[in-house]
Amino acid sequence: MRKLMFGLLILAAISANAQINAILGDWKTVDDKTGEQRSVVTIYKASDGLYYGKISKMLMYGSELRCEACKDEDHNAPIEGLVIIRGMKAEYGQLVGGKVLDPESGKFYYGKIYLKDGKLVLRGSLDKRGFLGRNQTWIRK
């Protein structure tokens with residue numbers, strides 16, 4: 001019985017790790033209202049063991065767009081190259097616990113990222129539990 005439980009735990013860990021690896025890479029963001037592709041976000045694991053995502057290419061407005069609404073060190077920074085997903089950790093096959101920056105408003109939201117039907121779902125919310133927020137669906141580049 002112990003061997004069976006140990007085997008199941010190993011399988012669950014491998015499956016969760018495969019899910020996280022599938023999240024990494026380039027994703028095209030899609031405008032919620034128009035359905036147009038807006039940018040490419042690269043999600044990566046940093047040397048601190050946490051996960052981040054940066055806008056690696058603007059598809060709609062060009063690379064000269066700046067984050068005028070952002071605060072602190074991000075204020076007036078170019079949108080292309082801006083880190084918008086910050087400090088997430090892997091948990092049960094999804095990324096949780098970090099923050100997501102909305103460059104249009106300059107506001108940070110609690111974030112959660114997971115895969116559904118081969119697409120990436122980014123949940124941004126006002127509360128840590130994710131009740132008050134919305135989802136964005138991104139497609140693999």
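Start by selecting Phe131, which counts as exposed because its relative accessibility is 62%. Here buried means under 20% relative accessible area, exposed means over 50%, and partly exposed is in between, with a 1.4 Å probe and protein chains only. The model you have open is predicted, so local features need pLDDT of at least 70 and side-chain atom pairs count only at pLDDT 80 or more, while totals for chains, interfaces and linings use all residues.

**Stop 1**

Phe131 sits in the loop between β9 (119–125) and β10 (133–140). Helices (H or I, at least four residues) and strands (E, at least two) are DSSP runs numbered from the N terminus.

Before moving on, draw a C-alpha to C-alpha distance from Leu126 to Tyr109: the two are 5.7 Å apart in space and 17 residues apart in sequence.

**Stop 2: the hairpins**

Switch to a cartoon view of the chain, which has 1 helix and 10 strands. Buried residues make up 32% of its 141 residues.

Select β7 (residues 94–102) and β8 (residues 107–116), which pair antiparallel over 6 bridges. Strands pair if DSSP finds at least two bridges between them. Leu95 stands opposite Ile113 in β8. This hairpin of β7 and β8 has 4 residues between the strands, and Gly106 takes a positive phi near 80 degrees.

Then extend to β9, which pairs antiparallel with β8 over 7 bridges. Look for Tyr114, whose bridge partner in β9 is Val121. The β8 and β9 hairpin has 2 residues between its strands, and Asp117 in the turn has a positive phi of about 55 degrees.

Next, go to β1 and β2, which run antiparallel and are joined by 6 bridges. Val30 faces Gln37 in β2. In the turn of this β1 and β2 hairpin, Gly35 has a positive phi of about 80 degrees.

**Stop 3: the largest pocket**

How much space lies in the largest pocket? About 800 Å³. To find the pocket, select Arg38, Asp102, Pro103, Arg134 and Gln136, the closest to its centre of the 33 lining residues. Elements giving two or more residues to the lining include β2 (37–45), β7 and β9. The most comes from β10, with 5 residues.

A pocket is found on a 1 Å grid over the protein atoms alone, as an open set of points with protein on both sides within 12 Å along at least five of seven lines; lining residues have an atom within 4 Å of a point, and a cavity is a set where a 1.4 Å probe fits but cannot get out. Points are joined across faces, edges and corners, and the volume is the space filled by probe spheres set on them.

Terms used: Residues are numbered from 1 along each chain as its sequence is written. Side-chain values use heavy atoms; hydrogens and water are left out.
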